[in-house]
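User: I am new to this structure. Can you walk me through how to read it?

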Amino acid sequence: MGLPPQLTLEQRQEALIKASASRKRRAEVKIQLKTGDISFDTILELAKSEDAIAKMRVKELLESLSGVGKIRAQTLMERLNISPTRRMQGLGRVQIKQLREEFMKSEHALKPGKLLVLSGPGGVGKSTIAKKLREAGDFWVSVSATTRKPRANEVDGQDYFFVSDEEFTRMINAKEFLEWAEFAGNRYGTPQEKVEHALLLGKNVLLEIEIAGAKQVKAHLPQSILIFLEPPSWEELVSRLEGRGTDGPDRRAERLRLAQEELATASFFDVILVNDQVESVVGKLIELAQN
Ligand code: 5GP
């Protein structure tokens, strides 16, 4: 190795100031990651444009996460074949993917949030419950993508991401969905990355989706809790669907047929709740996430 370059006093001072600013910036980012203000992926993004983050050692970042000490960070890195001196900018695509998956699995390392999947026949009142939970701040509620046209009061990005058929197909091919399914002539899917980030940050996540999708989630993430929401009675469900002025008679008949099919699958679920009182269902879901 050659000798280090001779620096003037001024250059040395400049380098010291720069190093101290980098340390400060890294400390800031680590705190934000710990408190959940930014995600692991945000840091990866920052590493593309900020030198201080790009040069941060992966080890340093992992050790700063709550629940991961020096030993766990070291074991994790050994298992993923990441050298102890590896910096953020040097992480390969596969390593990034493995790190994410590892965070998802290692419940004790990072205490990820719980994943609750709320399912049940259309018209049973899932979205009302999801809305209450989102407002109460108890859950991070996923926003699905759909090819269905927006209803009068629906807002893009809030109720759904309304996308074209082509865009939905692109998202499937790009493996952007945790699950997706066709329902009453439209396609619906849960964006995978956002759900995983929220879980990684220890947030409890709620998916409000139909049954075929719920089964896919269970196959993919067995730790998820599948909840089936039943109507108090079949008559109640029919009257709710009839009262939905947004669907034409054909669509309503199709939704009723689907609801009958869906009710028959309840036994697959981990928990069955009857939606007789919204507040009580909301309370039970919060309880399930806390246990
Ligand atoms: P709607 O058109 O009434 O908003 O929703 C129709 C059905 O699609 C509902 O049962 C709803 O829970 C379900 N759904 C909404 N988003 C998703 C999703 O991302 N994936 C799946 N599989 N079903 C969804």
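User: How many bridges join strand 5 to strand 6, and in which sense do they run?

Analyst: A word on the source first. This is a predicted model, where local features need pLDDT of at least 70, side-chain atom pairs count only at pLDDT 80 or more, and totals for chains, interfaces and linings use all residues. Residues are numbered from 1 along each chain as its sequence is written, and side-chain values use heavy atoms, with hydrogens and water left out.
Now the general idea. Strands of a sheet pair through backbone hydrogen bonds, either parallel or antiparallel. Two strands pair if DSSP finds at least two bridges between them. Helices (H or I, at least four residues) and strands (E, at least two) are DSSP runs, numbered from the N terminus.
In this case, strand 5 and strand 6 (residues 186-191) run antiparallel and are joined by 6 bridges. Take Trp 180: its bridge partner in strand 6 is Gly 189.

User: Which order do the strands of that open sheet take?

Analyst: The order is 4-3-6-5. The sheet is open, has 4 strands, and its pairing is mixed. Strand 4 (161-162) and strand 5 (177-183) are the edge strands, each pairing on one side only.

User: Which strands does strand 8 pair with?

Analyst: Strand 1 (residues 115-119) is one partner: 4 bridges join it to strand 8, and the two run parallel. Leu 116 has Ile 225 as its bridge partner in strand 8. Strand 9 (residues 271-274) also pairs with strand 8, in the parallel sense, over 4 bridges. There, Ile 227 has Val 271 as its bridge partner in strand 9.

User: How many residues of strand 8 are buried?

Analyst: Start with the cut-offs. Buried means under 20% relative accessible area, exposed over 50%, and partly exposed in between (1.4 Å probe, protein chains only). Strand 8 (residues 225-230) has 5 of its 6 residues buried, so it is mostly covered.

User: Is Leu 206 buried or exposed?

Analyst: Leu 206 is buried, as its relative accessible area is 0%. It sits in strand 7 (residues 205-208). For its surroundings, contact means heavy atoms within 4.5 Å. Leaving aside neighbours within four places in sequence, Leu 206 has contacts that include Leu 116, Ala 130, Phe 139 and Trp 140.

User: What about helix 10: how many of its residues are buried?

Analyst: 7 of the 9 residues of helix 10 are buried, so this helix is largely enclosed by the rest of the structure. Among them are Gln 192, Val 195 and Leu 200. His 197 belongs to helix 10 (residues 192-200) and counts as buried at 15% relative accessibility. Leaving aside neighbours within four places in sequence, His 197 touches Ser 39, Asp 41 and Arg 100. Gly 202 follows helix 10, and its phi is positive, near 85°.

User: Which residues other than glycine have a positive phi here?

Analyst: The background is simple. Most residues other than glycine have a negative phi, and most peptide bonds are trans. Asn 81 is a case with a positive phi, about 60°. Asn 81 is in the loop between helix 5 (70-79) and helix 6 (93-105), and it counts as exposed at 65% relative accessibility. Lys 175 is another, with phi near 55°. Lys 175 lies in the loop between helix 9 (165-173) and strand 5, and is exposed with a relative accessible area of 67%.

User: At what angle do helix 1 and helix 2 pack?

Analyst: First, how angles are read. Axes are lines fitted to C-alpha atoms, for helices over the stretch in contact, and angles run from 0 to 180 degrees between N-to-C directions. Angles under 35 degrees count as roughly parallel, over 145 as roughly antiparallel, 65 to 115 as roughly perpendicular and the rest as oblique.
Helix 1 (residues 9-35) packs against helix 2 (residues 40-49) at about 155°, with the axes 10 Å apart. That makes helix 1 roughly antiparallel to helix 2. The contact uses Arg 25, Val 29 and Leu 33 of helix 1, and Phe 40, Ile 43 and Leu 46 of helix 2.

User: How do helix 12 and helix 13 cross?

Analyst: Helix 12 (residues 234-242) and helix 13 (residues 249-263) cross at roughly 150°, and their axes come within 10 Å. Helix 12 is therefore roughly antiparallel to helix 13. Residues in this contact include Trp 234 and Leu 237 of helix 12 and Arg 252 and Leu 256 of helix 13.
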